[in-house]
Amino acid sequence: MADMATDPLPFQSDFHRRWGELRDPHVRSLAWLLDAPDLLDLSASRWEGKLASLCHHAQTDWLIHLDRAPSRLHDFLSTQPLVRLGRYAEKLLAWYFMQKGVLHAHGLQVRGAAEGTLGEFDFILRFPDGLEHWELATKFYLLRPQRTGAGSPDYRADRPDYFIGPNLADTLGAKMQKIFGRQLSLGDHPVAKTLLGEPLVAARALIKGWLFYRCDDLVSEAQFGVSSSHCRGWWCRIDELDKHLSATSLILPRLSWLAPARVEHPEFTSFAAADARINGLLAAHGMPVMVANLAPSNGAWTETDRGFVVPADWEERAERSASATATA
């Protein structure tokens with residue numbers, strides 16, 4: 001199991017302390033979106049003041065009331081099948097913005113007569129000063145290895161491209177370039193201006209997520225504008241699992257990646273059972289598996305820490321993916 005001693009207040013402990021009363025998984029996910037630390041540092045100059053934040057927007061009484069009667073939220077989420085984590089997070093926030101009376105439009109597509117679809121606004125929000133365009137990203141990246149001249153792996157966190165998605169199809173650097181270089185400028189297009197009918201007063205990015213560091217290196221600091229308080233986890237190869245996974249644990253399905261887990265019963269109560277199941281998933285799909293270690297708390301089991309378990313060849317595949325991207 002990962003050693004958390006170097007982190008005196010892991011995010012999971014703080015979340016359970018603040019939101020331990022919440023039982024509904026969708027309400028807990030919404031609480032995470034509203035209250036979890038932003039992934040990026042709002043004060044970093046490289047983001048040019050274009051970051052949005054919802055930290056401290058979470059209202060305890062409102063969320064507790066919603067948790068006790070979540071049927072309207074459930075109905076809203078069930079209007080279309082949700083299989084993508086990003087779309088799930090968007091729907092949760094759309095519900096929140098609707099309840100707060102600031103949602104002007106959600107998922108508004110911009111289409112040109114000749115160009116086809118030009119893009120889509122995640123959210124158009126109406127504030128006292130006017131309309132704002134907000135883009136939402138909920139991302140999960142692993143710090144991949146870089147090879148030094150001697151050939152040994154080096155896990156530096158000083159470049160956004162060193163953080164790569166578990167499916168190797170995306171990096172933090174590429175995502176930020178897409179959001180800040182293209183998506184936030186959608187409102188400048190003449191077609192978008194006509195569609196909105198009034199000018200935008202701001203365009204901002206709301207970036208939430210978790211970064212995963214090699215094995216026990218949970219306190220590594222990224223140096224390129226990442227928040228020092230961002231949500232963290234570990235990652236390990238399948239052959240190292242015995243060092244990180246406790247006897248009581250569970251596999252987190254994709255739509256459960258946002259908030260720290262709270263369950264009535266662990267999925268696994270022995271390391272052997274978890275190891276067999278995770279090995280089977282890796283053999284069948286070849287994709288990293290997110291797991292959470294659990295501890296008993298107030299009649300339930302709550303997450304203490306989480307990590308990705310990757311196939312034995314994942315590091316080599318990550319390096320090849322990065323090399324291919326660099327030479328493309």
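This is a predicted model: local features need pLDDT of at least 70, side-chain atom pairs count only at pLDDT 80 or more; totals for chains, interfaces and linings use all residues.
Buried here means under 20% relative accessible area, exposed means over 50%, and partly exposed is anything in between (1.4 Å probe, protein chains only). Residues are numbered from 1 along each chain as its sequence is written, and side-chain values use heavy atoms, with hydrogens and water left out.

**View A. A buried salt bridge joins Lys 208 and Asp 38.** The closest N and O atoms of this pair sit 3.6 Å apart; a salt bridge is a side-chain nitrogen of Lys or Arg within 4 Å of a carboxyl oxygen of Asp or Glu. Lys 208 belongs to strand S7 (residues 200–214), while Asp 38 is in the loop between helix H2 (25–35) and helix H3 (60–68), 170 residues apart. Helices (H or I, at least four residues) and strands (E, at least two) are DSSP runs, numbered from the N terminus. Lys 208 has a relative accessible area of 0%, and Asp 38 has 7%.

**View B. Arg 87 pairs with Glu 120.** Here the closest N and O atoms are 3.8 Å apart. The bridge ties helix H5 to strand S2, across 33 residues. Arg 87 is partly exposed at 24%, and so is Glu 120 at 25%.

**View C. Glu 264 meets Arg 262.** The N to O distance is 3.1 Å. Glu 264 is partly exposed at 45%, whereas Arg 262 counts as buried at 18%.

View D. The structure holds 17 salt bridges.

**View E. The largest pocket has 24 lining residues.** A pocket is an open set of points on a 1 Å grid over the protein atoms alone, where a 1.4 Å probe fits, with protein on both sides within 12 Å along at least five of seven lines; lining residues have an atom within 4 Å of a point. Its space is about 620 Å³. Nearest the centre lie Arg 84, Gly 86, Thr 138, Lys 139 and Lys 175. Helix H5 (85–99), strand S2 (116–127), strand S3 (130–143) and helix H6 (172–181) each give two or more residues to the lining, and S3 has the largest share, with 7.

Note on methods: Grid points are joined across faces, edges and corners, and a volume is the space filled by probe spheres set on the points.
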